[in-house]
Amino acid sequence: MELAEIRPQIDAVNQEMLALFERRMALCREVALEKQRTGGEIFVPEREKAILDWAGETASPALREYSRAFFAELMRLSREYQKDTLRQAE
């Protein structure tokens with residue numbers, strides 16, 4: 001397949017990923033507000049470890065480390081968004 005054929009497919013996947021990212025971040029906002037209500041912590045190491053373990057075990061062997069890195073960054077962004085959400089709610 002040539003680049004001219006591949007790039008539109010990547011663009012389409014990016015569009016889907018952006019929609020999923022926005023949906024996930026909206027849920028993270030709800031998590032932050034619930035944690036504020038219940039006194040929960042933003043960073044829950046056990047939860048993040050479980051997600052990273054899942055990402056590493058579920059991804060194809062060639063992509064395991066990339067999958068873990070992707071989810072690690074996604075969780076870092078989620079924590080930042082939760083912190084920003086709580087700051088704005090004050």
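Let's start where helix α1 touches helix α3: Met17, Phe21, Arg24, Met25, Cys28, Arg29, Val31, Ala32, Leu33, Lys35 and Gln36 in α1 are in contact with Phe70, Leu74, Met75, Leu77, Ser78, Tyr81, Gln82, Thr85, Leu86 and Ala89 in α3. Sorted by class, the residues of this contact come out as 14 nonpolar, four polar and three charged. Keep in mind as you look around that this is a predicted model.

How do these two helices sit against each other? Two packed helices are described by the angle between their axes and the distance between the axes. Helix α1 covers residues 3–38 and helix α3 covers residues 64–89; their axes come within 9 Å and cross at roughly 50 degrees. As for handedness, the crossing of α1 past α3 is right-handed.

Now pick out a few residues along this contact. Met17 belongs to helix α1, and with 41% relative accessibility it counts as partly exposed.

Setting aside neighbours within four places in sequence, Arg29 is in contact with Tyr81 and Thr85. Arg29 and Tyr81 are 52 residues apart along the chain, yet their C-alpha atoms are separated by 7.2 Å.

Across the way, in helix α3, you'll find Gln82. Is Gln82 buried or exposed? Gln82 has a relative accessible area of 6%, and since buried means under 20%, Gln82 is buried. Look at what surrounds the residue: leaving out neighbours within four places in sequence, Gln82 is in contact with Cys28, Val31, Ala32, Lys35 and Ile42. Ala4 is another matter, as the C-alpha atoms of Gln82 and Ala4, 78 residues apart along the chain, are separated by 39 Å.

Next, turn to the other partner of α3. Helices α2 and α3 pack at an angle of about 150 degrees, and their axes are 8 Å apart. That angle makes α2 roughly antiparallel to α3. Here too there is a right-handed crossing as α2 passes α3. On the α2 side, the contact is made by Glu48, Ile51, Leu52, Asp53, Trp54, Ala55, Gly56 and Glu57, and on the α3 side by Arg64, Ser67, Arg68, Phe71, Ala72, Met75 and Arg79. By class, that gives seven nonpolar, two polar and six charged residues.

One of the charged residues here is Glu48, which lies in helix α2, residues 45–58. With a relative accessible area of 13%, Glu48 is buried. Apart from neighbours within four places in sequence, Glu48 is in contact with Phe43, Met75 and Arg79.

So where is the largest nonpolar core? In soluble globular proteins, nonpolar side chains tend to be buried together. In this model, the largest nonpolar core has six residues: Ile51, Leu52, Ala55, Phe71, Leu74 and Met75. The elements giving two or more residues to this core are α2 and α3. Ile51 shows one piece of the arrangement: beyond neighbours within four places in sequence, Ile51 is in contact with Phe71 and Met75.

Notes:
Residues are numbered from 1 along each chain as its sequence is written. This is a predicted model: local features need pLDDT of at least 70, side-chain atom pairs count only at pLDDT 80 or more; totals for chains, interfaces and linings use all residues. Side-chain values use heavy atoms; hydrogens and water are left out. Axes are lines fitted to C-alpha atoms, for helices over the stretch in contact, and angles run from 0 to 180 degrees between N-to-C directions. Helices (H or I, at least four residues) and strands (E, at least two) are DSSP runs, numbered from the N terminus. A crossing is left-handed if the near helix is turned anticlockwise from the far one by less than a right angle, and right-handed if clockwise. Contact means heavy atoms within 4.5 Å. Buried means under 20% relative accessible area, exposed over 50%, partly exposed in between (1.4 Å probe, protein chains only). Angles under 35 degrees count as roughly parallel, over 145 as roughly antiparallel, 65 to 115 as roughly perpendicular and the rest as oblique. A nonpolar core is a set of buried Ala, Val, Leu, Ile, Met, Phe, Trp, Tyr and Cys residues joined through side-chain atoms within 4.5 Å.
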